[in-house]
Amino acid sequence: MDRIRIVGGRPLRGTIPISGAKNATLPLMIASLLTEETLVLENVPRLADVSQLQRILGNHGVDVTLNGKRSGDGEYQGQTLSLSAKNIVDTTAPYELVSKMRASFWVIGPLLARMGQARVSMPGGCAIGTRPVDLLIMALARLGAEIEIDGGYVVARAAKGLKGGEIRFPSVTVSGTHTAIMAASLARGSTRIENAACEPEIVDLADCLNKMGARISGAGTPRILVDGVARLGGARHRVLPDRIETGTYAIAAAMTGGEVLLEGARPELLQSALDLLAQAGVGVAATNQGVRISRNGSAIAPVEVSTAPFPGFPTDLQAQLMALMTCANGVSRITETIFENRFMHVQELVRLGARIQLHGETATIEGIERLKGAPVMATDLRASVSLVIAGLAAEGETIVNRVYHLDRGFERLEEKLGRCGAEIERLSG
Ligand code: EPZ
């Protein structure tokens with residue numbers, strides 16, 4: 001199993017190109033199930049989750065082709081995927097596939113809307129909490145689906161097609177909102193989604209669906225209206241830049257000191273995180289090439305923050321922020337409100353010398369002068385990358401085990417950091 005070796009203490013200096021967003025790419029790929037025409041996605045990141053979803057969609061009959069590089073493409077140019085679901089050959093998503101990647105459960109909406117039936121394995125527990133799918137099921141039921149749970153599978157039927165309705169989410173859910181939008185696009189009549197998630201990835205999906213012929217308005221606000229259409233067509237869509245990758249490298253630059261241009265980043269996609277970094281004393285400047293992050297010698301001020309749905313501070317940056325605050329000049333408090341048990345990084349950061357106390361959903365972090373390198377391991381993507389960030393700033397050598405978590409969500413991480421002066425390498429086997 002690959003590991004990453006880091007020798008910490010070098011400031012990051014240079015340019016880091018930001019890839020297309022993983023969490024936009026996955027629902028966009030799934031949206032290809034809604035049409036028999038070809039959906040072309042540009043700026044798709046090269047990630048293990050993308051390859052895994054290609055296999056899952058292939059199982060339903062989606063032909064996925066990868067367009068090669070064109071002359072003039074930059075070194076870090078995203079890939080172009082063409083997805084063609086001309087014939088859906090299977091409406092079952094088996095346990096072996098869904099259990100490997102939660103987001104593959106989301107095929108249930110498009111399969112049901114287009115084929116009138118879907119049988120999708122329940123995803124089960126995962127490293128960051130129980131993560132149920134009850135709200136996705138509720139949304140589909142509101143659109144007229146009959147649903148039963150059978151042998152660990154959600155079996156959904158709508159023999160005469162879905163029909164529009166009102167979906168009111170009791171709490172904000174990204175997966176629920178994606179599912180509701182996709183299903184309602186092919187339902188008869190209008191759907192109103194209340195308390196919808198406002199995440200930029202929802203807006204990206206709605207934009208793409210509208211290019212495919214859907215009639216969705218209000219994406220990016222808590223009320224989304226969808227006028228169902230009889231069929232959707234093909235489209236070409238460019239995936240938006242990854243706000244979590246942006247925030248991760250911003251925090252890495254802040255932690256190590258130095259100055260980094262996050263090329264192609266869009267600051268409005270993570271304004272709350274950038275504001276928090278500025279509050280902590282980090283230099284943040286939007287430029288027409290992206291976002292410039294700098295910290296030259298100044299101390300990091302402690303912060304108090306709770307994770308929240310967009311536009312609040314994202315749960316997907318909580319672990320990285322905690323790594324930064326281990327070396328702040330005082331006591332920080334970080335509260336996780338989205339997922340229970342998303343604190344796997346705490347014990348590992350403590351192995352690097354961090355002083356962190358957990359009380360329920362709140363971590364209290366007492367800043368120290370310097371972390372010290374050690375072997376560490378984490379069981380989810382964002383926790384793993386927080387350990388990389390900590391390792392970049394720690395004294396001596398850090399080995400991050402179970403690198404496959406990082407490969408799920410960060411494209412060429414060690415290359416991008418290495419080009420900015422980090423001493424980081426992948427050890428194979
Ligand atoms: C998406 O997960 C992201 N995944 C997550 O990123 C991200 O952390 C999360 O949104 C919140 O921003 C992808 O986009 C692929 P939710 P999702 O539905 O959609 C509860 C990463 O590291 N809930 O908004 O699954 C749920 O348990 C990942 O890239 C129910 O109770 O998140 C959670 O507590 C991790 N019932 C809360 O809602 C449901 O039916 C928010 O979940 C659905 C969700």
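Ser185 lies in helix H6, which spans residues 174–185. In this predicted model, Ser185 has a relative accessible area of 0%, and because burial is defined as under 20%, the residue counts as buried. Leaving out residues up to four places away in sequence, the contacts of Ser185 are Leu209, Ala214, Ile216, Val226, Gly228, Val229 and Leu232.

Leu209 has its own set of contacts. Apart from neighbours within four places in sequence, Leu209 touches Ala31, Leu34, Ile181, Met182, Ser185, Ala214, Ile216 and Leu232.

## Nonpolar cores

The largest nonpolar core contains 76 residues, and the members that touch the most others are Phe105, Leu162 and Leu209. Helix H1 (residues 22–31) supplies the largest share of this core, with 6 residues.

## Helix H4

How many of the 8 residues of helix H4 (residues 108–115) are buried? The number is 6, so H4 is largely enclosed by the rest of the structure. The buried positions in H4 are Ile108, Gly109, Pro110, Leu111, Leu112 and Ala113.

These buried residues of H4 pack against both helices and strands. The helical partners are H1, H2 (48–60), H5 (134–142) and H6, while the strand partners are S7 (117–121) and S9 (153–157). After H4 comes Gly116, which has a positive phi near 80°.

## Packing of H11 and H12

Helix H11 covers residues 344–351 and helix H12 covers residues 381–393. Their axes come within 9 Å and cross at roughly 20°. Angles under 35 degrees count as roughly parallel, and H11 and H12 are therefore roughly parallel to each other. The crossing of H11 past H12 is right-handed.

On the H11 side, the contact is made by His345, Glu348 and Leu349; on the H12 side, by Ala383, Ser386, Leu387 and Ala390. Classified by residue type, the contact has 4 nonpolar, 2 polar and 1 charged residues.

Definitions and conventions:
Residues numbered from 1 in each chain as written. Predicted model: local features only at pLDDT ≥ 70, side-chain atom pairs only at ≥ 80, totals over all residues. Heavy atoms only, no water. Axes fitted to C-alpha atoms, helices over the stretch in contact; angles between N-to-C directions. Helix = DSSP H or I, 4+ residues; strand = E, 2+ residues; numbered from the N terminus. Parallel < 35°, antiparallel > 145°, perpendicular 65-115°, else oblique. Left-handed = near helix turned anticlockwise from the far one by under 90°. Contact = heavy atoms within 4.5 Å. Nonpolar A, V, L, I, M, F, W, Y, C, P; charged D, E, K, R; others polar. Core = buried A, V, L, I, M, F, W, Y, C linked by side-chain atoms within 4.5 Å. Buried < 20%, exposed > 50% of the residue type's maximum accessible area, 1.4 Å probe, protein only.
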